[in-house]
Amino acid sequence: MTLDWQDGLPFSSHFGDVYFSADSGLEESDHVFLQANRLAERFAALSAGESFTVGETGFGTGLNFLSTLRLFERTAPPGASLDFFSVEKFPLKDDDLRAALALWPELAADAETLLARWRRRVPGWNHWSFGRVRLTLVIADVAEALPQLPENAVDAWFLDGFSPAKNPEMWGEQALTAIARASRAGATISTYTSAGWVRRGLLQAGFDVARAPGFGFKREMLSGHLSVHRTDNQKCCTPRTALVIGGGIAGCATAHALAARGVQVTLLERAPRLASAASGNPRGILHARFGAGMSALHRFVLASYGHALALLDEALPTDGELRDECGLLQLKCNEAEQKRITKLARIEWPAHLMQFVDAAQASQLAGMQMVHGGLWFPGGGWVVPPALCARLADNDRIELRLAHKVESLARTDTGWRAIGEGWAVEAEIAVVCCAQSALALEPFENFPLTPVRGQISLLPATAASSSLNAVVCGDGYCAPAVGGMHVSGATHAFDDEALDVRSADHADNLAKLAAFAPTLREALGKIDMEGLDGRASVRCSAPGAMPLVGEVQRGLYCSLAHGTRGLLTAGLAAEVIAAQACGQLPPLPAAVLSALSPRSRVKNTLI
Ligand code: SAM
């Protein structure tokens, strides 16, 4: 949405209303939302390990979010954390958000972080961290987003849609009922409006609301609390300790997400170093592939892509050595891709996420002739996965135990015990992130995990191939040369766990490359398959290519079957597990959580 300005304030011509009051947006936000919900005293009353959840309708310029973040940092004790959930149907453009936030120099530092995350936004669910404050921003209509929240999740609500008279759907029965359903016992609510029908709607939905003095020239506003009975679920349940089994990207990301919540983690890896299996390739690509139908898997992939880019911005900023945001092309190289991309083109997508390009534009972006057009992902590129794993695991709260192969996993009175040869470690919770090796552990023996061998080829760059400056993907991929080598891949061989590097697999990778990017294949010149370097590893896959993420039994979780997408999906999967383990707001909609859940997909997990 394009922002208009009226008397120096952001204004929406679409709704004919201002984003905040002319008197002082920041003071108004404080009066109407922070004070009316008694946030200062409620934040101060939290204890270490406890979290609080604010829900908002209408993210707008993020002013309420930033002022809540500031208040939390000033009042909440160490070890407490905040989830801020907000919905926005018409997200502002980057420059408009920057211009609107420039009105508040006192919020400048956090505003910069918000702007950095903002350029990673994707349609649907976004989940970004601001230290101990997490923002879950859903870019969708409230009618679609609010019913996807869990029950009993939100402690305080800010109703901040444009004026009810100008935007009635946002204040209707459906939205208010979903808000009440997602509220915890005693949840509070406030809004700047005092419209009688909004008040009646809130009463009807189960809130006890009254008129209160408004801010500035507004005489009255509404505030209140949930009056219907609700059994309070246990709030403070951040475990003190966790075992994470597996030191690939899934395990390192999970350890990182738990440590960020104050959990002391023991990370157990059977190899003598991290990232020694499927996460050990010298380079991996950030390849978000989804279709217009937006299945649960595709919604997960899209949300994971936005999350992964924001996580990488924090953990491994682009430097051309360990990560490069060089952009990525998905080429319409066969009938299936042609169909998928043509259907996607019927939907409007933000240009910072992806653009539709013809063969001439694709050639310009790639730095070399492409015979197909397709999709351009400006934020795509490549990463050195072992470097990312090392950064994620580098935390005072994570104790690494390398060369520790877990032979069995047993429940104890207080949690879980991992047992290896001559050692045992216990913790309150355990998270299994060791791909198909999980099958050897009793709680996972029924899991539908399939090993899939994949080989990459390291192709010596030539003067001609060195002009490639973006990752190109078709039925396979090839990355720009670094240190004189292109990484190209990868083969898929189901139920093959051998790690030998095969010339036949190199030939397979090169044949695919020749089919989707013939000029690049030619530029590489004559290649001796026997002399090529490469690496084979085994990824783990589950039916429908849907990872298995979530609670398996009480206190036992898993992040498995990320297939070829672990670099993208492991980070958000880790947030799902950490939120479940700590009783916090989930970062994904209920429908996607259910599709990921081992409990809904594997027999005998409900113990
Ligand atoms: N809380 C904001 C802030 O701190 O800047 C101001 C919110 S502004 C008054 C209202 C917001 O609601 C606008 O950004 C608008 O795009 C959004 N909105 C309007 N209708 C919506 C709908 N049906 N679903 C989700 N968001 C909507």
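## Ser24 and its surroundings

In this predicted model, Ser24 touches Trp104 and Phe215, leaving aside residues up to four places away in sequence. Ser24 sits in the loop between S3 and helix H1 (25-35). Its relative accessibility is 15%, and because buried means under 20%, Ser24 counts as buried.

S1 and strand S2 (residues 9-12) run antiparallel and are joined by three bridges. On the S2 side, Leu9 is the bridge partner of Gln6.

## Helix H5 and its buried face

Helix H5 (residues 108-118) has the buried residues Ala111, Leu114, Leu115, Arg117 and Trp118. Viewed down the axis of H5, these buried residues fall within an arc of 160°, so they line one face of the helix. An α-helix has 3.6 residues a turn, so residues three or four places apart point the same way.

Several elements pack against the buried residues of H5: helix H3 (63-75), helix H4 (94-101), strand S6 (124-130), strand S7 (133-139) and helix H10 (296-315).

## Packing of H4 on H5

The axes of H4 and H5 are 10 Å apart, and the two helices pack at an angle of about 170°. Angles over 145 degrees count as roughly antiparallel, so H4 is roughly antiparallel to H5. On the H4 side, the contact is made by Asp94, Leu97, Arg98 and Leu101. H5 contributes Ala111, Glu112, Leu114, Leu115 and Trp118. Among these H5 residues, Ala111, Leu114, Leu115 and Trp118 are also listed as buried.

## Helix H9

Helix H9 (residues 249-260) has 12 residues, which at 1.5 Å a residue should span 16 Å; its end C-alpha atoms are 16 Å apart, in agreement with that value.

Of the 12 residues in H9, 10 are buried, so the helix is largely enclosed by the rest of the structure. The buried residues are Ile249, Ala250, Gly251, Cys252, Ala253, Thr254, Ala255, Ala257, Leu258 and Ala259. Just after H9, Gly262 takes a positive phi of about 90°.

Note on methods. Residues are numbered from 1 along each chain as its sequence is written. This is a predicted model: local features need pLDDT of at least 70, side-chain atom pairs count only at pLDDT 80 or more; totals for chains, interfaces and linings use all residues. Side-chain values use heavy atoms; hydrogens and water are left out. Two strands pair if DSSP finds at least two bridges between them. Helices (H or I, at least four residues) and strands (E, at least two) are DSSP runs, numbered from the N terminus. Buried means under 20% relative accessible area, exposed over 50%, partly exposed in between (1.4 Å probe, protein chains only). The arc is that of the directions from the helix axis to the C-beta atoms. Contact means heavy atoms within 4.5 Å. The expected span of a helix is 1.5 Å times one less than its number of residues. Axes are lines fitted to C-alpha atoms, for helices over the stretch in contact, and angles run from 0 to 180 degrees between N-to-C directions. Angles under 35 degrees count as roughly parallel, over 145 as roughly antiparallel, 65 to 115 as roughly perpendicular and the rest as oblique.
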